[in-house]
Amino acid sequence: MQSLATTETWPVPTAAAAVVRADGTVAGRYGPTGHRFPLASVTKPLAAYAVLVAYEEGAVELDEPAGPPGATVRHLLAHTSGLAFDEHRISADPGTRRIYSNTGFEVLADHVAKATDIPFAEYLRQAVLEPLGMTATALEGSAAKDAVSTVDDLVRFAAEVQAPRLLDARTVLDAMTVAWPGLAGLLPGYGRQTPNDWGLGFEIRDGKAPHWTGALSSPRTFGHFGQSGTFLWIDPDAGAACVALTDRPFGAWAVEAWPRFTDAVLADLRG
């Protein structure tokens, strides 16, 4: 895919990218796809997937209490628990605002660890990373932001999300469906948006503008980006997913480069 080579124009020391189709075939790779990068918030979809495995195993229920009073596992996954961004402070009643919260994911990880009697990083390894052969990936701290991985490993994860083997397809459909539609909130790096739609651990594009995906991205596109200059999107209408990892923090360069890149990838897929 010629579009992947445009990562060479990004003002970053190192970049790698790949596209994987819904049938698991890799449409293209570019750059050092075996290089380990800090994921920042691209950690969250991995953590969410482990939580959903815990749900299917019966260790937790999505609507059981977790976090602040009145909040549930589902609230924490969808950033509607009311917890503040990066501190143990309640900023809203559950289900009333979309408050993007690292703390919420850390509380969620603690909740699963207590329910399973397994440290969350180890549970993630056993439940998701090991079965998918993601041997270069590890959670080295916060379940919100401290995983490291490679493009090659995240291709395996993106293939799984598109054609689930570890989860029932209905559970994944729930994760990519808007939870608490219509809530306003802040999209980090892009400001306040109404609505600010999320599923369970995945951000949903819908009609957001501006956005880190492309003008050609379908409204059903879902995924996550990270402040370390990383992203993973899955576009069900295109039947493909894209991973790009860099070692330059997110900033104006990414706001400009990523949508153009995504549009070029989607044009390649259509062509």
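Mentor: What follows goes through the sheet that contains β9 and β10, and then turns to other parts of the chain.

The model is predicted. The sheet in question is open and has 6 strands, in the order β2-β1-β11-β10-β9-β8, with antiparallel pairing. Its edges are β2 (26-30) and β8 (203-204); each has a single partner strand, so one side of each is left without a neighbour in the sheet. Helix α7 (residues 252-270) packs on this sheet and touches β1 (15-21), β2, β9, β10 and β11 (240-246). The direction of α7 makes about 35 degrees with that of β10.

β8 and β9 run antiparallel and are joined by 2 bridges. Glu203 has Gly223 in β9 as its bridge partner. Gly223 also stands opposite Trp233 in β10.

β9 covers residues 222-226 and pairs with β10, residues 230-235, in the antiparallel sense over 5 bridges. Within this pairing, Phe225 has Phe231 of β10 as its bridge partner. The hairpin of β9 and β10 has 3 residues between the strands, and in it Gly229 takes a positive phi near 90 degrees.

How much of β9 is buried? The count is 5 of its 5 residues, so β9 is largely enclosed by the rest of the structure. In a regular strand the side chains alternate between the two faces of the sheet. For β9, Phe222, His224 and Gly226 lie on one side, with Gly223 and Phe225 on the other, and both faces are covered.

β10 is mostly covered as well, with 6 of its 6 residues buried. Thr230, Leu232 and Ile234 point one way from the strand, while Phe231, Trp233 and Asp235 point the other way.

On its other pairing, β10 runs antiparallel to β11, and 6 bridges join the two.

His224, which is buried, is touched by Tyr100. Tyr100 is found in the loop between α2 (73-77) and α3 (102-116). With a relative accessible area of 10%, Tyr100 is itself buried, since the cut-off for that term is under 20%. Besides His224, Tyr100 touches Ser41, Lys44, His79, Phe85, Leu186, Pro188 and Trp198, leaving aside residues up to four places away in sequence. Asp86 is 14 residues from Tyr100 in sequence, and their C-alpha atoms are 9.0 Å apart in space.

On the α1 side, the contact is made by Leu46, Ala47, Tyr49, Ala50, Val51, Val53 and Ala54. On the α4 side, the residues are Phe120, Tyr123, Leu124, Ala127 and Val128. The residues of this contact divide into 12 nonpolar, no polar and no charged.

There is also an open sheet of 3 strands, ordered β3-β5-β4 with antiparallel pairing. Its edge strands are β3 (37-38) and β4 (138-139), each of which pairs on one side only. β3 pairs with β5 (residues 147-149) in the antiparallel sense over 2 bridges. In that pairing, Phe37 has Ser149 of β5 as its bridge partner.

Helix α5 takes up residues 151-162. At 1.5 Å a residue, its 12 residues should span 16 Å, and the end C-alpha atoms are 16 Å apart, which agrees. α5 is mostly covered, with 10 of its 12 residues buried. Those buried include Asp153, Glu160 and Gln162, along with Val151, Leu154 and Phe157.

Technical notes: Residues are numbered from 1 along each chain as its sequence is written. This is a predicted model: local features need pLDDT of at least 70, side-chain atom pairs count only at pLDDT 80 or more; totals for chains, interfaces and linings use all residues. Side-chain values use heavy atoms; hydrogens and water are left out. Two strands pair if DSSP finds at least two bridges between them. Helices (H or I, at least four residues) and strands (E, at least two) are DSSP runs, numbered from the N terminus. Contact means heavy atoms within 4.5 Å. Ala, Val, Leu, Ile, Met, Phe, Trp, Tyr, Cys and Pro count as nonpolar, Asp, Glu, Lys and Arg as charged, and the others, Gly among them, as polar. The expected span of a helix is 1.5 Å times one less than its number of residues. Buried means under 20% relative accessible area, exposed over 50%, partly exposed in between (1.4 Å probe, protein chains only). Axes are lines fitted to C-alpha atoms, for helices over the stretch in contact, and angles run from 0 to 180 degrees between N-to-C directions.
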